[in-house]
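Here is a briefing for a reader new to this structure. Please look over the sequence and the model before reading on.

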Amino acid sequence: MGDMVKRFILIVAGVLLLLGIALAVFSALSGKKDNENEGLNVTTEAATFVSATESTTEVLDQSPGEADSGNKKEAASDSGNIDEEVSDSENINEGALDSENVNEADLDSDSINEAGANQTGSVEGDITDDTQVSDAADAEDIGNDTNASSGGTKVSTTYTNLFDGRNVTDSSAPVFLILNKKPTVYKGEVFNVHDFIGYGDDVDRNVDMEVTGFVDTDEVGTHTISVTLTDDAGHTTSASLNVNVVEGSSGGDVAGNTGINYEPFESFSSNYKETGTSLGIDVSRWQGDIDYEKVKASGVDFVIMRIGGYDDGSHYTDRCYKANIQNARAAGLKIGIYWHAEESTEEEVKQSVKYMMDVLGGEKLDFPIAYDWEDFAHFEDYGMSMYDLNDCYQVFAGECSKYGYNTCLYSSMNFLNNTWSLSGAALGTDIPVWLAHYTSNTSYQGKYFMWQHSSTGYVDGINGPVDLNVLYLNEYSPSTNE
């Protein structure tokens with residue numbers, strides 16, 4: 001009997017042991033299953049994150065970047081359109097129909113690198129030393145990052161052009177489109193190198209930028225940094241900046257600033273009015289309300305006016321355009337328009353032309369429509385090459401021709417030499433050129449039909465400075481819908 005009880009107890013213990021082992025195995029298998037499911041969920045989330053990152057990168061590569069806090073932008077006007085919010089005191093540029101944009105005034109005469117332009121002759125009103133001040137107090141201190149870079153994912157050294165499918169091999173070094181070699185910043189304020197340079201490449205849409213050196217804005221004096229640009233093909237261009245840190249604040253004046261040195265229209269006329277020339281002005285909302293009867297009586301023959309533009313992804317109509325075209329025509333002046341361009345894709349250009357034509361409404365013009373792309377201070381933000389930029393004009397011209405209008409290209413000498421010579425079309429012949437070069441006698445070697453001589457003209461009937469232009473009648477071809 002005792003033996004039977006012992007056997008029974010052993011059997012029960014064995015059964016319980018087997019049940020325990022089975023339960024342990026089952027639990028282990030269930031835990032593995034749960035862990036596998038958790039791992040799948042993590043993998044799925046990671047895949048979603050990667051996809052979103054790739055999508056964002058693609059958009060950034062194709063779209064203009066956000067401007068820094070010191071950039072001049074458009075704000076809503078009282079008419080519901082977009083207009084500029086920047087004060088005229090910042091308008092110190094050359095070759096800028098839109099006075100809020102920065103261009104050749106930021107250039108020293110020797111500031112273009114060895115791959116750049118034939119920048120010769122003096123530039124009147126060229127501001128290079130103590131008037132360029134960073135007011136971006138909350139901006140990232142990019143200039144003081146010794147490895148700062150604007151680059152991203154690199155591809156190849158051969159690119160397919162955006163619009164016509166041409167394959168272009170990168171054979172040239174990047175260029176500084178804007179280069180202030182002696183910028184001034186206030187003590188204690190943030191230094192951002194992008195406030196003082198703009199750059200691009202013939203085919204590389206995403207040039208690497210590296211800064212070597214440090215600007216201590218807490219220490220008054222001169223600080224030297226070096227900026228190096230590198231394209232996908234390995235071509236490099238470098239420049240040094242001597243940054244001058246001064247006492248003061250962005251609310252005050254920098255030593256050396258002076259008032260506007262006006263050029264009376266009478267003086268302009270006595271120097272440039274002759275057989276074969278016609279004299280005129282170009283205007284935008286910056287000139288405010290204009291008395292065109294007085295303008296006409298002063299001897300002005302024509303006026304080119306801003307109709308509107310494309311800024312920060314939105315179209316706008318210049319708030320003074322309607323009054324300008326109505327009153328200038330009533331005064332008997334010849335009339336032309338220009339478009340303030342910041343497009344970077346074919347579709348953007350096509351939409352801009354459609355918008356512009358809706359505003360123009362079939363008006364008769366006496367001049368080709370001028371294409372004014374001038375945001376070279378931030379060219380690197382647009383994700384395009386200089387070949388792409390040239391194609392933007394070609395698309396603009398082609399779309400305007402569908403409505404019966406001819407076009408011309410407005411640009412300064414520097415950018416005509418550096419950026420607008422890659423389309424395969426001949427500047428001045430296939431592409432009529434309206435040249436901006438603020439000097440008494442331009443040294444530009446190309447062909448042009450009109451010359452913007454100054455941005456500081458004084459004309460009776462206009463409150464403030466205005467651009468002065470010389471039209472060469474033997475070079476001038478009017479619009480086809482006269």
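Leu333 counts as buried, because its relative accessibility is 5%; buried means under 20% relative accessible area, exposed over 50%, and partly exposed in between (1.4 Å probe, protein chains only). This is a predicted model: local features need pLDDT of at least 70, side-chain atom pairs count only at pLDDT 80 or more, and totals for chains, interfaces and linings use all residues. Residues are numbered from 1 along each chain as its sequence is written, and side-chain values use heavy atoms, with hydrogens and water left out.

**Around Leu333**
- Leu333 sits in the loop between helix 4 (321-330) and strand 15 (334-341). Helices (H or I, at least four residues) and strands (E, at least two) are DSSP runs, numbered from the N terminus.
- Not counting residues up to four places away in sequence, Leu333 touches Tyr292, Val295, Lys296, Val300, Asp301, Phe302, Val303 and Ala328. Contact means heavy atoms within 4.5 Å.
- Asp301 and Leu333 are 32 residues apart in sequence, yet 5.8 Å apart in space, C-alpha to C-alpha.

**Helix 2**
- Phe265, Phe268 and Tyr272 are buried in helix 2 (residues 265-272).
- Seen down the axis of helix 2, the buried residues fall within an arc of 60°, so they line one face of the helix. The arc is that of the directions from the helix axis to the C-beta atoms.
- The face turned away from the buried side of helix 2 carries exposed Glu266, Ser270 and Asn271.
- The cover over the buried residues of helix 2 includes strand 11 (263-264), strand 12 (277-283), strand 19 (450-458) and strand 20 (466-472).

**Asn414**
- Asn414 belongs to helix 7 (residues 413-418).
- Asn414 counts as buried because its relative accessibility is 0%.
- The side chains of Asn414 and Asn418 make a polar contact (2.7 Å). Such a contact is a pair of N or O atoms within 3.5 Å; within protein, one must be able to donate a hydrogen and the other to accept it, and residues adjacent in sequence count only if both atoms are side-chain atoms.

**Confidence**
- The protein chain has a mean pLDDT of 75, and 64% of its residues reach 70 or more. pLDDT is the predictor's confidence in each residue, from 0 to 100.
- Over residues 99-156 the pLDDT is below 50; this stretch has 189 contacts in the model beyond near neighbours in sequence.
- Residues 253-258 also have pLDDT below 50, with nine contacts beyond near neighbours in sequence.
- Where pLDDT is low, the predicted coordinates should not be read in detail.
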